[in-house]
Amino acid sequence: TESLTITPVEPSMFEKAQGEKVTLPCTFVLSEEDEGPLDIEWVLIPADNQKKEQIIIMYAVDRIYNHYYAAMTGRMQFTNPDPRSGDGSLDILNLKSADTGTYQCKVKKAPGVQSQKLQLTVHVKPARTKCSIEGSQEIGKDVMLKCASQEGSPLLSYDWRRVSGTQELPATSVLNKNTGELLLKNASQDYSGTYNCLASNRVGTDECSVQLNVTPPINTAGIIAGAIIGTLFGLFVLALPVYCCCKKHRDKKYEKEVHHDIREDVPPPKSRSSTARSYIGSNRSSLGSMSPSNMEGYTKTPYSQVPSEDFERTPAQNPTFAPSKVAAPNLSRMGAVPVMIPAQSKDGSIV
């Protein structure tokens, strides 16, 4: 007859959230026939059948051994410090998703041996859930509200609700709870408001919010024109200092050249010969207008009075010219007035 019995556990599956604590029960009853030493052993059975079972903690010969499984060192212990009392339950603290697996409790006291398997699933609560808007928030357009949790064990479920206005989703909305997408078709200004998304799984929830503002269509042509005008104005502002700098540089260069070089647009000073020619030409024109009848009242201007630079010399420097004797032609036949034309020598004096 069996003397040792383990109290059955129903249900044998446990679901906990990451970071929480779990107690895997393993209580037993001994009888008078059980005379051997008491051994209690907890084993983790891997999901891969090719891998060996891993001893987690053990009680034997009135001593606890808990150094077999490094991944749980410091996070596991017997619920009762004295398992001989009939309670060999196991506490696992600060659960991690890697702790998910099948755990087996083995109790042995000769001649009795009993075991029991328990399934543990560690879920991750939804966390860092973010809401966003995709699409143009204009009247008549389709708008997509998105919701996604960056952390969380499957299966995650998403639910949207409106927290402002009528607090009801628009009639044209389409919700996908698995992906967290809420499609608002043919949006109107009445759709504007605050929307809240709730992400949930078996062990927890998380939420986020987003503000939707449906507005009239944007004047694209005006925006483009404004952008072009702004760009041109910006280019003008950038080019103006460059132009002023170049102009100033050219002006300085021109002033420097004028200061050191002779200007080509200034006429040279007149020579004595040109002065004499201009004076004689003026007298010739006046004589040509005279007739032989009025020649008697005409007084010739002596050549010594022809304006030139020699008049500015001192009397000692001015040479004395003797008038040449030239036979006067018959004025009545020629119809012209004879004029004495001085000639210019190579040194510039009049002969």
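A salt bridge here is a side-chain nitrogen of Lys or Arg within 4 Å of a carboxyl oxygen of Asp or Glu. The model is predicted, so local features need pLDDT of at least 70 and side-chain atom pairs count only at pLDDT 80 or more, while totals for chains, interfaces and linings use all residues. Residues are numbered from 1 along each chain as its sequence is written, and side-chain values use heavy atoms, with hydrogens and water left out.

The protein has 3 helices and 18 strands, taken as DSSP runs (helices H or I, at least four residues; strands E, at least two) and numbered from the N terminus. Of its 351 residues, 29% count as buried. Buried means under 20% relative accessible area, exposed over 50%, and partly exposed in between (1.4 Å probe, protein chains only).

The whole structure holds 6 salt bridges, among them these:

| Pair | Closest N to O |
|---|---|
| Arginine 202 and glutamate 15 | 3.4 Å |
| Arginine 84 and aspartate 62 | 3.6 Å |

Arginine 84 lies in the loop between β8 (76-78) and β9 (90-92), and aspartate 62, 22 residues apart from it, in the loop between β6 (54-60) and β7 (63-65). Arginine 84 is partly exposed at 47%, aspartate 62 is exposed at 55%, and aspartate 82 is partly exposed at 31%. Shared partners join Asp62, Asp82 and Arg84 into one network of salt bridges.

Arginine 202 forms its salt bridge with glutamate 15. Arginine 202 sits in the loop between β17 (193-200) and β18 (205-212), whereas glutamate 15 belongs to strand β2 (residues 13-17), 187 residues apart. Arginine 202 is exposed at 64% relative accessibility; glutamate 15 is partly exposed at 39%.
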